[in-house]
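Subject: Handover of a structure, with notes on its contents

Dear colleague,

Please find below the structure that I am handing over to you. My notes follow it, and I would ask you to read them with the structure open.

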Amino acid sequence: MAEIKSHEFEGFLDKSARNYRIFVIYGPDRGLVSERATQIAARTGVALDDPFSLIKLDIADLQRDQGRLLDEAGAIGLFGGDKLIWIRGGANEKYLADSLETLAAKPPEATHIIVEAGDLKKGSLLRKIVEPSRQIAVIPCYADDARALNALIDRELSEPGLRITPAARQALVELIGGDRIASRNELRKLVLYCLGRETIEEHHVTDIIGDASAISVDDAVDAILSGNSNAFLHAMQKIISSKTTVFLVLQGCLRQFQLMDSMRIEMDEKRIPSGQVMQTLGRHIHFRRKPILEQALRTWSADAIAREMNRLQSAILQTRMRASLEDTIALQTLLSTTLQSARR
């Protein structure tokens, strides 16, 4: 089993990645999945600007032609040399798992294969196929913890030579996370804002990333979980009028669903009620918000929570790729989640 843990990835990229031809990268952090796939692609030595060497496929392409991955892997390049097949949007499709199992039995000599997948639960079909194989590098990508976020902050601030106060760092760690690309972009925005200064202070973080009206953000998230569309729209009006970025609500909603995911798993595995899991995993939640979260835990199943997290992750990625549509994407996604809660 060649599973690469988060803290092992940099060393793997430098020393061992060249020993593999097939890579499966998956997890709830879509931004981190995309970032690590790009890093691996750069190490293959394949010319990424050559359409004859790089073959990009979406899972829909394989759905239309389920043998295409095997055909592309076995085809000889028009001008020779190595080629890269890069697949996005993978999940638990049987044809994808079967093709990877076939390729792992005899890895192609002149072809690299990268598969970007979503959040695959333990025991899912694709993980059952790829994890036991010694020929496939499996790279899970989960939301950054405090250690990873601090390392990311250090990397982004080192190049411009900026220092950051402990209070500002703490505030920053609390405001980013959930999606690697979104976190990196927020840090770069902060760096640009602070160019010409020597030290980043806490008020710089709250000015450009955070906001003093966190209660309004919580109000919006609570309305989403309650399925109260009128309260949601009212909270969003307050947020927009206070010049708070709508992205913070999207990020806050994702974090709430990530917490619900861990709580729901605990409930299902130990067969305990929502009230009991709230006493352990929900101790830090404000007492006024606990009944809302407890009710949401009773109405959202584990599978539904996982699907909603994937949708929120995808929306966060879209807001970073299409910054001009950030507010529209966030509002549509959050309203859809509110309506999902109402139906439950």
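In which sense do strand E2 and strand E6 pair, and over how many bridges? Strand E2 (residues 22-26) and strand E6 (residues 136-140) are paired in the parallel sense, over five bridges. Two strands are said to pair if DSSP finds at least two bridges between them. The names come from DSSP runs, numbered from the N terminus: helices are runs of H or I of at least four residues, and strands are runs of E of at least two.

Before going further, please note that this is a predicted model, in which local features need pLDDT of at least 70, side-chain atom pairs count only at pLDDT 80 or more, and totals for chains, interfaces and linings use all residues. Residues are numbered from 1 along each chain as its sequence is written, and side-chain values use heavy atoms, with hydrogens and water left out.

Confidence

The pLDDT is the predictor's confidence in each residue, from 0 to 100. Its average over the chain is 86, and 95% of the residues score at least 70. Over residues 211-215, however, the pLDDT is below 50; this stretch has six contacts in the model beyond near neighbours in sequence. Contact here means heavy atoms within 4.5 Å.

The sheet

Strands of a sheet pair through backbone hydrogen bonds, either parallel or antiparallel. In this model, six strands form an open sheet with parallel pairing, in the order E1-E6-E2-E5-E4-E3. Strand E1 (2-3) and strand E3 (54-58) are the edge strands, each pairing on one side only. Helix H2 (residues 30-43) packs on the sheet, where it touches E2, strand E4 (83-90), strand E5 (111-117) and E6. The direction of H2 makes about 175° with that of E5; such angles run from 0 to 180 degrees between N-to-C directions, and axes are lines fitted to C-alpha atoms, for helices over the stretch in contact.

Individual bridges can also be followed. Ile 25 has Ile 139 in E6 as its bridge partner. E3 and E4 pair in the parallel sense over five bridges, and Lys 56 stands opposite Trp 86 in E4. E4 and E5 run parallel and are joined by six bridges, with Leu 84 opposite His 112 in E5. E4 is mostly covered, as six of its eight residues are buried. Buried means under 20% relative accessible area, exposed means over 50%, and partly exposed lies in between (1.4 Å probe, protein chains only).

Helices that pack together

Helix H7 (residues 146-158) and helix H8 (residues 166-175) have axes that come within 10 Å and cross at roughly 115°. Their crossing is right-handed. A crossing is left-handed if the near helix is turned anticlockwise from the far one by less than a right angle, and right-handed if clockwise. Ala 146, Leu 149, Asn 150, Ile 153 and Asp 154 in H7 meet Arg 169, Leu 172 and Val 173 in H8. By class, this contact has five nonpolar, one polar and two charged residues. Ala, Val, Leu, Ile, Met, Phe, Trp, Tyr, Cys and Pro count as nonpolar, Asp, Glu, Lys and Arg as charged, and the others, Gly among them, as polar.

Is Ile 153 buried or exposed? Ile 153 counts as buried because its relative accessibility is 0%. Leaving aside neighbours within four places in sequence, Ile 153 is in contact with Arg 169, Leu 172, Val 173, Ile 176 and Leu 187.

Helix H9 (residues 180-194) and helix H16 (residues 302-321) pack at about 40°, their axes 9 Å apart, in a left-handed crossing. There, Ile 181, Ala 182, Asn 185 and Glu 186 in H9 meet Ile 316, Leu 317 and Arg 320 in H16.

Two further residues

Asp 222 is found in helix H11 (residues 214-226) and counts as buried, at 11% relative accessibility. Apart from neighbours within four places in sequence, Asp 222 is in contact with Arg 289 and Ile 292.

Arg 271 lies in the loop between helix H13 (247-270) and helix H14 (274-281). Arg 271 is exposed, with a relative accessible area of 76%. Its phi is near 55°, a positive value in a residue other than glycine.

A colleague
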